[in-house]
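Load the model and switch to a cartoon view. Keep the selection panel open and follow the stops in order.

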Amino acid sequence: MNHMRGYFITLLLVIIFSNITYCLAEEQSIELSLQDCIDRALKENLNLKSSYLGLRAEDFSIIQAESQFDPFLSLSMNRRQSETPTYLDYYNVKSIESKISQLDLTLSQTLSTGANWGFGFYNTLSESNIETAKNYSSNLGISVSQPLLKGFGKKINRSNIFIARLTKESTLYDLENNAITLVNEVQKAYWNLAYALESLKVRELSIDQADSLLAYNRKGLELGVLTESDVLEAESTLLSRQQDVLFQKGQIRAAEDVLIRLLNLISGEGWRLKIVPTDIASVTDIDIDPEDAFRNAVKLRPEYKIILKNLEQ
């Protein structure tokens with residue numbers, strides 16, 4: 001009997017110490033509705049932000065793929081100088097010095113059919129110490145080429161653009177799918193937290209009932225109508241109910257952590273934030289036509305659209 005009493009006293013001390021530790025942590029409370037949680041998650045969730053950045057990257061992939069058909073303008077300047085020794089008295093110089101300067105302006109473009117056209121304006125200026133006048137030449141050049149077998153046609157030449165656009169659409173559907181998944185996770189986490197809080201109220205009520213039973217049994221022991229075993233059983237029940245309350249508080253903390261992570265409230269003291277749901281769960285009857293639901297799913301579900309885009313690629 002003394003062994004059981006020592007066990008109950010130890011368990012009671014553990015419960016009291018755990019309650020003190022739990023209450024010492026300074027927590028800030030914030031009241032949130034389900035819509036508030038969904039709005040913040042769609043705005044601040046890191047996974048969704050990463051998916052959005054991936055969509056932005058696909059925009060640049062399309063621009064890069066289309067850039068192969070942009071006109072190309074180039075300007076080049078070149079100057080060469082050479083000196084060659086000579087032993088001929090005819091030139092009356094010890095070495096022949098020559099200078100050649102070039103200035104070229106070209107414009108070219110690749111067409112979607114695979115053709116390439118180019119226009120060039122070429123200028124050359126040459127001078128030498130054995131010539132009395134400078135030589136200047138200038139000419140225009142136009143070129144057009146069109147592959148007739150390999151590389152011919154719009155499909156093959158615009159395939160990179162087509163694939164880049166399909167990839168962007170697939171990434172967009174991935175983003176939509178991630179957003180739908182996130183909303184579902186937020187709803188689940190929100191109602192799990194609400195359920196955990198309501199369960200805590202029920203368990204705390206059971207403590208009051210167990211405490212009343214203990215007081216009744218102690219009074220009965222004093223009057224001689226109950227035994228000490230009845231008192232110990234009531235004490236055991238009370239300790240068990242207190243342990244249930246501690247367990248439920250841990251469930252609340254775990255549910256809050258899940259919701260905090262989804263809402264990206266982890267900066268600063270976010271993990272010590274206490275979320276108080278303000279919405280009350282309700283059940284609404286909805287009439288659903290299976291055929292209409294299937295048609296809407298095929299039309300709207302991003303997973304189905306992703307599969308179709310992958311087939312196109």
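**Stop 1: the sheet**

Select Leu 107 and look across to strand 4, where Phe 119 is its bridge partner. Before going on, note that this is a predicted model, where local features need pLDDT of at least 70, side-chain atom pairs count only at pLDDT 80 or more, and totals for chains, interfaces and linings use all residues. Numbering starts from 1 along each chain as its sequence is written, and side-chain values use heavy atoms, without hydrogens and water.

Helices (H or I, at least four residues) and strands (E, at least two) are DSSP runs, numbered from the N terminus. Now show strand 3 with strand 4: they run antiparallel and are joined by 13 bridges. Two strands pair if DSSP finds at least two bridges between them.

Pick Ser 74; its bridge partner in strand 3 is Thr 106.

**Stop 2: a loop serine**

Select Ser 112, in the loop between strand 3 and strand 4 (116–128). Is Ser 112 buried or exposed? Its relative accessibility is 19%, so it counts as buried. Show its contacts (heavy atoms within 4.5 Å). Leaving aside neighbours within four places in sequence, these are Phe 69, Gly 153, Lys 154, Asn 157 and Arg 158.

**Stop 3: two helices**

Select helix 3 (residues 46–66) and helix 5 (residues 159–223). They pack at about 170°, axes 9 Å apart. Axes are lines fitted to C-alpha atoms over the stretch in contact, and angles run from 0 to 180 degrees between N-to-C directions. Helix 3 and helix 5 are therefore roughly antiparallel (over 145 degrees). Contact residues include Leu 48 and Tyr 52 of helix 3, and Ile 161 and Leu 175 of helix 5.

**Last stop: the whole protein**

Select everything. There are eight helices and six strands. Buried residues make up 27% of the 313 residues.

Technical notes
Parallel < 35°, antiparallel > 145°, perpendicular 65-115°, else oblique. Buried < 20%, exposed > 50% of the residue type's maximum accessible area, 1.4 Å probe, protein only.
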